[in-house]
Amino acid sequence: MTYASLHSNTSDYIGRRRRLRVDQTKAEEVLWQELRNKKLGFVFRRQFQIQKFIVDFYCHELRLVVELDGPIHAEQKEYDLFRTVKLEKIGLLVVRYRNDQVLFEREAMLQDLRTLCAKRNSFLRTSTSPNLS
């Protein structure tokens with residue numbers, strides 16, 4: 001699946017994505033500072049549209065979605081599971097971290113994410129599956 005086929009950037013989502021970037025949570029702001037400018041070795045985008053979903057962070061090279069869960073996610077577990085299943089069906093890996101992990105356990109959370117990125121990169125480089133290219 002190509003980058004263009006994943007990211008349609010439809011006009012009705014442009015304003016919404018912009019608002020989400022401006023009104024980001026503290027955890028999103030902190031994690032973005034750790035992800036931007038290839039600090040983990042990969043390009044990440046924030047508030048990225050994939051089909052009809054807007055994900056918190058996305059790395060196309062790794063086909064990786066990083067979602068941050070705040071208090072509201074306790075009330076929308078079914079919807080989060082629905083989104084995860086839909087995204088995984090198109091070959092993406094979805095990983096979730098709680099806002100508290102980003103804010104209060106940042107180094108452990110980042111080490112977990114670094115390890116996941118390395119494993120995912122290795123998997124994708126050795127995989128011959130056409131769905132993951």
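Q: What makes Asp80 and Arg96 a salt bridge?
A: In this predicted model, the closest N and O atoms of Asp80 and Arg96 are 3.1 Å apart. The cut-off is 4 Å between a side-chain nitrogen of Lys or Arg and a carboxyl oxygen of Asp or Glu, so the pair qualifies. Asp80 sits in helix α4 (residues 77–89) and Arg96 in strand β4, 16 residues apart, which links distant parts of the chain.

Q: Why is Asp80 called buried?
A: Its relative accessibility is 6%, and buried means under 20%, so Asp80 falls in that class.

Q: What makes Asp69 and Arg96 a salt bridge?
A: Here the N to O distance between the side chains is 3.4 Å. That is within 4 Å, so Asp69 and Arg96 also count. Asp69 lies in strand β3 and Arg96 in strand β4 (residues 93–98), so the bridge ties together parts that are 27 residues apart in sequence.

Q: Which residues are linked with Arg96 in a network of salt bridges?
A: Asp69 and Asp80 are linked with Arg96 in that network.

Q: How do you know whether Asp69 and Arg96 are buried or partly exposed?
A: Asp69 has 16% relative accessibility, under the 20% limit, so it counts as buried. Arg96 has a relative accessible area of 27%, which falls between 20% and 50%, so Arg96 is partly exposed.

Q: How many salt bridges does a search of the whole structure find?
A: It finds four. One of them joins the side chains of Glu61 and Arg125, at 3.1 Å from N to O. This pair links distant parts of the chain: Glu61 is in the loop between β2 (53–59) and β3 (64–69), while Arg125 is in helix α6 (residues 106–126), 64 residues apart.

Q: Why is the pair of Phe53 and Phe82 called edge-to-face?
A: The ring centres are 6.2 Å apart, within the 6.5 Å limit, so the rings pair. Their planes stand at 75°, and over 60 degrees counts as edge-to-face, so that is the name for the pair. Phe53 belongs to strand β2 and Phe82 to helix α4, 29 residues apart. By the same rule the count comes to four aromatic pairs, and Phe53, Tyr79 and Phe82 form one aromatic cluster.

Q: How do you know whether Phe53 and Phe82 are buried or partly exposed?
A: At 3% relative accessibility, Phe53 is under 20% and so counts as buried. Phe82 has a relative accessible area of 36%, between 20% and 50%, so Phe82 is partly exposed.

Q: What makes β1 and β2 a pair of strands?
A: Five bridges join β1 to β2. Pairing needs at least two, so these strands qualify, and they run antiparallel. Gln49 stands opposite Ile54 in β2. The hairpin has two residues between the strands, and Gln51 takes a positive phi near 55° there.

Q: Why does the contact of Gln47 with Glu28 count as polar?
A: The two side chains make this contact at 3.5 Å, and the limit is within 3.5 Å, so the pair is included. Gln47 lies in strand β1 (residues 45–50) and, at 5% relative accessibility, counts as buried.

Definitions and conventions. Residues numbered from 1 in each chain as written. Predicted model: local features only at pLDDT ≥ 70, side-chain atom pairs only at ≥ 80, totals over all residues. Heavy atoms only, no water. Helix = DSSP H or I, 4+ residues; strand = E, 2+ residues; numbered from the N terminus. Buried < 20%, exposed > 50% of the residue type's maximum accessible area, 1.4 Å probe, protein only. Polar contact = N/O pair within 3.5 Å; in protein donor to acceptor, adjacent residues only side chain to side chain. Phe/Tyr/Trp six-rings, centres within 6.5 Å; stacked < 30°, edge-to-face > 60°.
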